[in-house]
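Please walk me through this structure, one pair of packed elements at a time.

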Amino acid sequence: MACDFCSSPNVVKRFQCKDFDSASRDAGVMRMNAEGRFTNVVLNSRNYWAACANCAAYVDAEDLKGLTDYAADHWREGLTELNWLGLKIHLHNTYRLFFANRIRIEEPSFTCPECGLTSHNANDIEQGYCGGCHAFTGKK
Ligand SMILES: [Zn+2]
Ligand SMILES: [Zn+2]
């Protein structure tokens, strides 16, 4: 399995995403389809996107431009300047759709009602314990 953004083999994370299709009508990137005719790049996004550590960091930061620039550099080889710019637009549009359709899973956390400190520790959440107050401030 490879990173769905930059194709790096070092996948560390999967991002859940609703299914969507991305046709790059204006991207200027043409590929041969199954019937041997040239067609625009069409991407079918299904289920999830795999990401390497670098791309995952951009996704977590919701950095569309950073992600596009980073991934596009990995597809530079063998393309003319014009085709590469076209591909970049395609990637940008596709990632924009990805951000619009991705399913963000809220990580469980406990926020202390006294001091506002947030903990992601499973025991703190379970017991309502605040490390800032050193007390079980979440206990009802
Ligand atoms: Zn990547
Ligand atoms: Zn507290």
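H1 passes H2 in a left-handed crossing, where left-handed means that the near helix is turned anticlockwise from the far one by less than a right angle, and right-handed that it is turned clockwise. The model is a predicted one, in which local features need pLDDT of at least 70 and side-chain atom pairs count only at pLDDT 80 or more, while totals for chains, interfaces and linings use all residues. Residues are numbered from 1 along each chain as its sequence is written, and chains are lettered from A and ligands numbered from 1 in the order in which they are written.

Helix H1 covers residues 53-60 and helix H2 residues 64-73, and their axes come within 8 Å and cross at roughly 160°; helices (H or I, at least four residues) and strands (E, at least two) are DSSP runs numbered from the N terminus. Axes are lines fitted to C-alpha atoms, for helices over the stretch in contact, with angles from 0 to 180 degrees between N-to-C directions. H1 and H2 are therefore roughly antiparallel to each other, given that angles under 35 degrees count as roughly parallel, over 145 as roughly antiparallel, 65 to 115 as roughly perpendicular and the rest as oblique. On the H1 side, Asn54, Cys55, Tyr58 and Val59 meet Gly66, Leu67, Tyr70 and Ala71 of H2, a contact being a pair of residues whose C-beta atoms, placed from the backbone, lie within 7 Å.

H2 also packs against H3, at an angle of about 135° and with the axes 9 Å apart, so that H2 and H3 are oblique to each other. Their crossing is right-handed. Here Leu64, Leu67, Thr68, Ala71 and Ala72 in H2 meet Leu87, Lys88, Leu91, His92, Tyr95, Arg96 and Phe99 in H3.

Helix H3 itself runs over residues 81-101, and its 21 residues reach 30 Å from the first C-alpha to the last, close to the 30 Å expected at 1.5 Å a residue, the expected span being 1.5 Å times one less than the number of residues. Among the buried residues of H3 are Leu87, Lys88, Leu91 and Tyr95; a residue is buried if 20 or more other C-beta atoms lie within 10 Å of its own, exposed if 12 or fewer, and partly exposed in between, with C-beta atoms placed from the backbone.

Serine 7 is exposed, with 12 other C-beta atoms within 10 Å.

Conventions:
Two residues are in contact if their C-beta atoms, placed from the backbone, lie within 7 Å.
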